[in-house]
Amino acid sequence: MYYDDLPLWGFLGKIEGVKTDSGKDKYFLFKHIHFNILYNDDRVIEINVQTDPNINLDISEDRKLDVEFLYSIHWFSIVNSCVTVLLLTGFLATILMRVLKNDFVKYSLIEESLEDQEDSGWKYIHGDVFRFPKNKSLFSVIIGSGTQLLVLTMFIFLLALVGVFYPYNRGALYTALVVIYALTSGIAGYTASSFYMQLKGTNWVRNLLLTGCLFCGPLFLTFFFLNTVAITYSATAALPFGTILVILLIWALVTSPLLILCGVTGKNSKIEFQAPCSTNKYPREIPELAWYRGTIPQMAMAGFLPFSAIYVQVELYYIFARVWGHNIYTIYSMLFIVFIILIIGTAFITVALTYFQLAAKDHGWWWR
């Protein structure tokens with residue numbers, strides 16, 4: 001097909017090797033076509049087409065068939081996903097508000113004995129909820145590194161939305177990732193050190209070193225292995241020695257000093273941990289919980305809703321085609337919308353699961 005004198009092509013159908021009663025292959029015609037049109041002002045600069053293999057028609061039999069073809073553009077799936085997430089979050093918020101309202105009414109109006117109070121509700125573990133988590137140094141480091149990566153993502157989206165990463169500006173995205181990560185390293189240092197001191201931590205030097213290595217360490221080892229393999233096979237994907245040296249200099253002269261400087265600032269910030277209630281001297285015993293309240297099932301539940309929200313509108317297809325295929329990803333505005341949907345869905349499901357965990361008198365919520 002042609003659109004604005006630009007050619008586009010795709011598969012018409014597929015052949016399955018399952019033999020029919022007549023001994024022939026089965027033939028399927030794709031009925032749904034997805035158009036992706038890229039334009040600059042009033043000019044179309046690129047157009048792609050994909051077909052949905054799940055929406056097809058069996059044309060193996062030699063007979064006349066009426067076929068209704070369907071098509072869509074990318075915005076339809078985005079709007080569909082947004083509406084789905086809004087409905088889910090609204091539904092979840094309504095349930096939580098109703099449940100919490102009933103809980104407050106019960107706790108304020110019903111007079112119960114001490115024995116009964118010990119047996120039910122989240123209110124009776126208030127003395128243990130703000131007990132500091134185990135491995136608080138690692139916990140603070142993860143908070144700091146996660147904050148930095150979130151800020152990094154927002155900066156990358158900002159540059160993408162203003163048109164820095166146009167389709168054939170090769171290497172711009174990777175350069176921006178390296179530079180912005182180096183410049184935002186202070187965010188990780190400040191956040192991790194400040195939070196670690198709020199949790200009454202003492203070994204802030206080790207905490208700062210761990211902050212600098214938690215993300216960079218595995219990333220460097222993975223890169224070193226892949227680059228070595230690429231050099232061994234004389235692949236063009238291998239980075240030259242000069243580029244590697246520049247990256248190491250950026251890490252030594254920009255990333256590390258910013259990390260240390262902001263880490264020391266966070267240590268000296270003197271911010272106190274503000275808990276709304278005092279913590280008991282001895283921790284309350286956590287009752288035996290059902291299997292689905294364990295960490296692994298809860299992780300699966302927490303990830304399912306946000307993932308399904310962004311997977312429904314097939315944005316992951318284009319990302320995978322960019323990473324493992326030959327396509328060039330250019331739909332950053334839509335990807336930003338999907339990113340916001342992901343954050344909203346993650347936040348709401350986290351609030352809900354934390355409430356259910358506290359309602360079961362499990363006060364070890366920090367790491368979840």
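This is a predicted model: local features need pLDDT of at least 70, side-chain atom pairs count only at pLDDT 80 or more; totals for chains, interfaces and linings use all residues.
Two strands pair if DSSP finds at least two bridges between them.

β3 and strand β4 (residues 26–30) are joined by 4 bridges and run antiparallel. Within this pairing, isoleucine 15 stands opposite tyrosine 27 in β4. Lysine 14 faces phenylalanine 28, also in β4. On to β7, β4 makes 3 bridges, again antiparallel. There, leucine 29 has leucine 57 in β7 as its bridge partner.

**Sheet β6-β5-β8**

Another open sheet of 3 strands is ordered β6-β5-β8, and its pairing is mixed. Its edge strands are β6 (43–51) and β8 (70–73), each pairing on one side only. Neighbouring strands of this sheet are turned by 25° against each other on average, direction ignored. Strand β5 (residues 32–40) and β6 run antiparallel and are joined by 8 bridges. Histidine 34 stands opposite glutamine 50 in β6.

| Strand pair | Bridges | Direction |
|---|---|---|
| β3 and β4 | 4 bridges | antiparallel |
| β4 and β7 | 3 bridges | antiparallel |
| β5 and β6 | 8 bridges | antiparallel |

**Helix packing**

Helix α4 (residues 172–183) meets helix α8 (residues 241–267). Their axes come within 8 Å and cross at roughly 35°. From α4, the contact is made by Val178, Ala182 and Leu183. From α8, Ile250, Val254, Thr255 and Leu258 take part. By class, this contact has 6 nonpolar residues, 1 polar residue and no charged residues.

**Nonpolar cores**

In soluble globular proteins, nonpolar side chains tend to be buried together. The largest nonpolar core in this model has 16 residues. Leu152, Ile156, Phe165, Ala176, Ile180, Tyr329 and Tyr332 touch the most other members. The elements giving two or more residues to this core are α3 (136–161), α4 and α11 (332–359). Domain 2 (74–130 + 290–367) and domain 3 (132–274) both contribute residues, so the core lies between them.

Alanine 176 gives a local view. Not counting residues up to four places away in sequence, alanine 176 touches Ile156, Leu159, Phe165 and Tyr181.

**Glutamine 198**

Glutamine 198 is placed in helix α5 (residues 185–198). Is glutamine 198 buried or exposed? Its relative accessible area is 14%. Buried means under 20%, so glutamine 198 counts as buried. Leaving aside neighbours within four places in sequence, glutamine 198 is in contact with Phe132, Ile271, Glu272 and Phe273.

Methods. Residues are numbered from 1 along each chain as its sequence is written. Side-chain values use heavy atoms; hydrogens and water are left out. Axes are lines fitted to C-alpha atoms, for helices over the stretch in contact, and angles run from 0 to 180 degrees between N-to-C directions. Contact means heavy atoms within 4.5 Å. Ala, Val, Leu, Ile, Met, Phe, Trp, Tyr, Cys and Pro count as nonpolar, Asp, Glu, Lys and Arg as charged, and the others, Gly among them, as polar. A nonpolar core is a set of buried Ala, Val, Leu, Ile, Met, Phe, Trp, Tyr and Cys residues joined through side-chain atoms within 4.5 Å. Buried means under 20% relative accessible area, exposed over 50%, partly exposed in between (1.4 Å probe, protein chains only). Domain bounds come from an automatic or database domain assignment.
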